[in-house]
Amino acid sequence: MFAYLVRRLAYAVPILLGVNLLTFALFFVVNTPDDMARMQLGVKRVTPDAIAKWKAERGYDKPLFFNGAEEGCAKLTDTIFFAKSARMFVGDFGAAEDGRDIAREIATRIGPSTALALPTFVVGLLVTVSVALLLAFVRGTRLDFWGVVACVAAMSVSSLFYIIFGQWLFSKVLRLVPISGYADGLSAFKFLVLPVAIGVVAGLGSSIRWYRTLFLEEIGKDYVRTARAKGLSEGTVLFRHVLKNAMIPILTGVVVVIPQLFLGSLLMESFFGIPGLGSYTIDAINAQDFSVVRAMVFIGSVLYIAGLMLTDLSYTLVDPRVRFD
């Protein structure tokens with residue numbers, strides 16, 4: 001297992017480096033430092049001196065990848081790529097346009113993002129799998145039919161509707177929870193209960209349909225017919241055999257949402273005023289703060305690669321046939 005982890009980490013480094021290079025090219029080749037200066041200065045008559053000063057203050061006056069004017073290692077290290085992208089591998093994300101340290105901002109905001117995303121993910125997964133198993137159990141009945149209809153109807157409604165309707169009903173009309181805001185500690189519960197509930201409800205339709213299809217596909221296989229022939233009850237077949245054998249595709253689907261746990265709650269954090277990584281990314285995009293956006297793209301790549309490794313490890317727990325080699 002240790003050798004497997006080392007090997008996967010070795011594979012992850014070139015992948016992460018390639019993503020970093022591609023992101024750097026998109027930011028600095030498509031939008032040159034001169035373009036960034038014009039957008040940040042935000043005036044119609046930007047002078048060459050103002051652009052040069054803006055670039056010098058932020059280190060954008062250096063070559064992109066190779067500095068021929070320097071000697072030795074400085075040819076590679078005294079460049080924009082090394083200063084702005086390579087240092088991300090050691091957690092140095094630099095400073096935002098307002099001068100704040102990006103790493104410190106991320107460390108501050110990861111708590112609210114986790115407090116929102118983790119309960120939404122766990123509760124949503126439990127509810128989704130439970131309802132999908134119920135629909136698979138009563139397959140072919142009216143309950144199954146109307147359950148699928150409800151899923152399709154829920155999928156057809158935009159998540160923006162759930163957010164706005166939930167804020168109007170539970171905050172403005174019933175006054176059960178604050179409409180927006182955030183507090184540390186246990187006081188955060190009253191600010192998070194509504195966005196968590198809306199996040200769970202908004203994702204039920206598509207998830208239940210996917211898991212229901214997955215369970216119905218497993219139900220049609222030979223090992224299920226064998227289990228029934230042995231006299232096992234339908235509930236035992238579903239929970240002991242079908243659910244267990246469907247865990248690998250479930251885990252595969254779960255890994256996709258891992259980066260979104262921290263970065264994907266963009267709308268939810270923005271609408272409810274939660275100071276997490278999602279709202280931080282939205283604010284950076286609106287302010288055209290390229291340093292913050294690059295850092296968030298890099299973190300998203302790291303989380304996705306880490307999620308893939310966790311998924312591979314979890315495969316061995318649910319299926320003994322899977323080996324590390």
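**Questions on a helical model**

Biologist: Which residues does Ile 106 touch, not counting those up to four places away in sequence?
Modeller: Happy to start there, with contact meaning heavy atoms within 4.5 Å. This is a predicted model in which residues are numbered from 1 along each chain as its sequence is written, and side-chain values use heavy atoms, with hydrogens and water left out. Local features need pLDDT of at least 70 and side-chain atom pairs count only at pLDDT 80 or more, while totals for chains, interfaces and linings use all residues. Beyond its sequence neighbours, Ile 106 touches Phe 93, Leu 277, Tyr 280, Met 296 and Ile 299.

Biologist: How far apart in space are Ile 106 and Phe 93, C-alpha to C-alpha?
Modeller: These two residues touch, although 13 residues separate Ile 106 from Phe 93 in sequence. From C-alpha to C-alpha, the distance is 9.7 Å.

Biologist: Is Ile 106 buried or exposed?
Modeller: Ile 106 sits in helix α6, where helices are DSSP runs of H or I with at least four residues, strands are E runs of at least two, and both are numbered from the N terminus. Burial goes by relative accessible area: under 20% is buried, over 50% exposed and in between partly exposed, using a 1.4 Å probe and protein chains only. Since the relative accessibility of Ile 106 is 10%, the residue counts as buried.

Biologist: In which helix do both Asp 222 and Arg 225 lie?
Modeller: A salt bridge pairs Asp 222 with Arg 225, their closest N and O atoms being 2.1 Å apart. Asp 222 is exposed, at 52% relative accessible area, and Arg 225 is partly exposed, at 44%. The two are three residues apart, about one turn of the helix, and both lie in α11.

Biologist: How far apart are the centres of domain 1 and domain 2?
Modeller: The bounds come from an automatic or database domain assignment, which divides the protein chain into domain 1 (1–64) and domain 2 (114–318). Taken over C-alpha atoms, their centres are separated by 33 Å.

Biologist: Which three residues supply 34% of the area that domain 1 buries against domain 2?
Modeller: Buried area is the accessible area (1.4 Å probe) that two parts lose on being put together, summed over both. The two domains bury about 1500 Å² between them, with 74% of it on carbon and sulfur atoms. On the domain 1 side, the leading three residues are Arg 8, Leu 16 and Phe 27.

Biologist: How many salt bridges are counted between domain 1 and domain 2?
Modeller: The side of domain 1 that touches domain 2 has 13 nonpolar, four polar and one charged residues. Here Ala, Val, Leu, Ile, Met, Phe, Trp, Tyr, Cys and Pro count as nonpolar, Asp, Glu, Lys and Arg as charged, and the others, Gly among them, as polar. Between domain 1 and domain 2, the salt bridge count is zero.

Biologist: Which element gives the most to the side of domain 1 that touches domain 2?
Modeller: Two elements each give two or more residues to that side, α1 (2–30) and α2 (33–41). With twelve residues, the one that gives the most is α1.

Terms used: Salt bridge = Lys/Arg side-chain N within 4 Å of Asp/Glu carboxyl O.
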